[in-house]
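This report goes through one model, beginning with a group of aromatic rings. The sequence and structure come first.

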Amino acid sequence: MPRILVTNDDGVFSEGIKLLASCLAEIAEVVVVAPDREQSATGHSLTLHRPLRMQKIESNVYSVDGTPTDCVNLGVLWLLKDRRPDLVVSGVNFGANMGDDVTYSGTVSATFEGTLLGIPSVAFSQEVGEHFSFEKAALFAKRFVEVLLSESLPPDLLLNVNIPSSEIQGVRFTRLGKRRYQQVVVEKTDPRGKNYFWIAGTPEWQEEEGTDHSAVSNGRVSITPLHLDLTDYRGLKGYPDLEGRLNGLVEGLPE
């Protein structure tokens, strides 16, 4: 059977990961390695300055006192080192991960790490709203993964899947949308007179056809292929004059 490593950023005890693992177990050997608590918005952080602890919760289910990226590393490089997983699946996340938010998302970052380790990876996120259901998302994920496993997958495959809370009308391959946060910092004072802060904000999406946000807003599952090459190729072509000027800055520098 194919082997799937499942993780998330909502924690090992979240309903989303339990239902996802249960559904995927019908088509593959599933091993869950997930954070022992919520790690939302941890991004692609890796724990390097303290040891990590992994605890077996039940058969093929492990918790880690670290980030989703830590979990993928421990799962692939230690727990499953005898036979690496054929696929890394992250989710099902409570709430969508679309547009610029993928850079913050622990759910999506887990798949970044899977791809860096040479394993095809998929992130699933469920929009929150009326008719919200992890069950629907987990069942769709099983069908989706079953199709993927029937294909010859490139090791750098990285798909970000968002499932609408409304009735699913179909599937769309999309690009990342754009959103602006009306970002605010809220200052408060604790009972000992010391200041503390909350970072808060309300997203405002740009309405554009072909984006993940547009697809989900219209009841369609959004599938966005991602990659880790962050190079701005327009910049490579657009800055030749600047490169020449900057080369002059090295003259006369100490050896």
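Phe-132 is partly exposed, at a relative accessible area of 28%. Here buried means under 20% relative accessible area, exposed means over 50%, and partly exposed lies in between (1.4 Å probe, protein chains only). The model is predicted: local features need pLDDT of at least 70, side-chain atom pairs count only at pLDDT 80 or more, and totals for chains, interfaces and linings use all residues. Residues are numbered from 1 along each chain as its sequence is written, and side-chain values use heavy atoms, with hydrogens and water left out.

The whole structure holds 5 aromatic pairs. Rings of Phe, Tyr and Trp (its six-membered ring) pair if their centres lie within 6.5 Å; planes under 30 degrees apart count as stacked, over 60 as edge-to-face and the rest as tilted. One of the pairs is Phe-94 with Phe-132: the centres are 5.4 Å apart and the planes stand at 80 degrees, so this pair is edge-to-face. It links distant parts of the chain, with Phe-94 in strand β5 and Phe-132 in the loop between β6 (121-126) and α4 (134-149), 38 residues apart. Helices (H or I, at least four residues) and strands (E, at least two) are DSSP runs, numbered from the N terminus.

Phe-94 is partly exposed, at 49% relative accessibility. Its ring also pairs with that of Phe-134: the centres are 6.3 Å apart and the planes lie at 50 degrees, so the pair is tilted. This pair too links distant parts of the chain, from Phe-94 in strand β5 to Phe-134 in helix α4, 40 residues apart. Phe-134 is buried, with a relative accessible area of 8%. Phe-94, Phe-132 and Phe-134 form one aromatic cluster.

## Backbone exceptions

Most residues other than glycine have a negative phi, and most peptide bonds are trans. Strand β5 (residues 87-94) contains Val-92. The peptide bond from Gly-91 to Val-92 is cis, with omega near -10 degrees.

Ala-41 is not a glycine, yet its phi is positive, about 60 degrees. Ala-41 sits in the loop between β2 (29-35) and β3. Ala-41 counts as exposed, at 58% relative accessibility. Asn-60 also has a positive phi, near 65 degrees. Asn-60 lies in the loop between β3 and β4. At 31% relative accessibility, Asn-60 counts as partly exposed.

Strands pair if DSSP finds at least two bridges between them. Strands β3 (residues 54-58) and β4 (residues 61-64) pair in the antiparallel sense over 4 bridges. Gln-55 has Ser-63 in β4 as its bridge partner. The hairpin has 2 residues between the strands, and Asn-60 supplies its positive phi there.

Strands β9 (residues 179-189) and β10 (residues 195-205) are also antiparallel, over 11 bridges. Gln-182 stands opposite Thr-202 in β10. This hairpin has 5 residues between its strands, and Gly-193 in the turn has a positive phi of about 85 degrees.

## Around Ala-110

Where does Ala-110 lie? The residue belongs to helix α3 (residues 106-116). Ala-110 is buried, with a relative accessible area of 0%. Leaving out residues up to four places away in sequence, Ala-110 touches Thr-7, Pro-68, Val-72, Val-88 and Ser-90. Contact means heavy atoms within 4.5 Å.

Glu-26 is 84 residues from Ala-110 along the chain, and their C-alpha atoms are separated by 23 Å.

## The chain as a whole

The secondary structure comes to 7 helices and 11 strands. The C-alpha atoms fill a box of roughly 65 × 50 × 45 Å along the principal axes. Of the 255 residues, 44% are buried. Among contacts with a separation of 6 or more, 75% join residues 24 or more positions apart.

The accessible surface is about 14500 Å², and 52% of it belongs to carbon and sulfur atoms. Areas come from the Shrake-Rupley method with a 1.4 Å probe; for residues, only the protein chains shown count as cover. The chain has 24 positive and 35 negative charges, and their mean positions are 3 Å apart. Lys and Arg count as positive and Asp and Glu as negative, while His and the chain ends are not counted. Each charge is placed at NZ of Lys, CZ of Arg, CG of Asp or CD of Glu.
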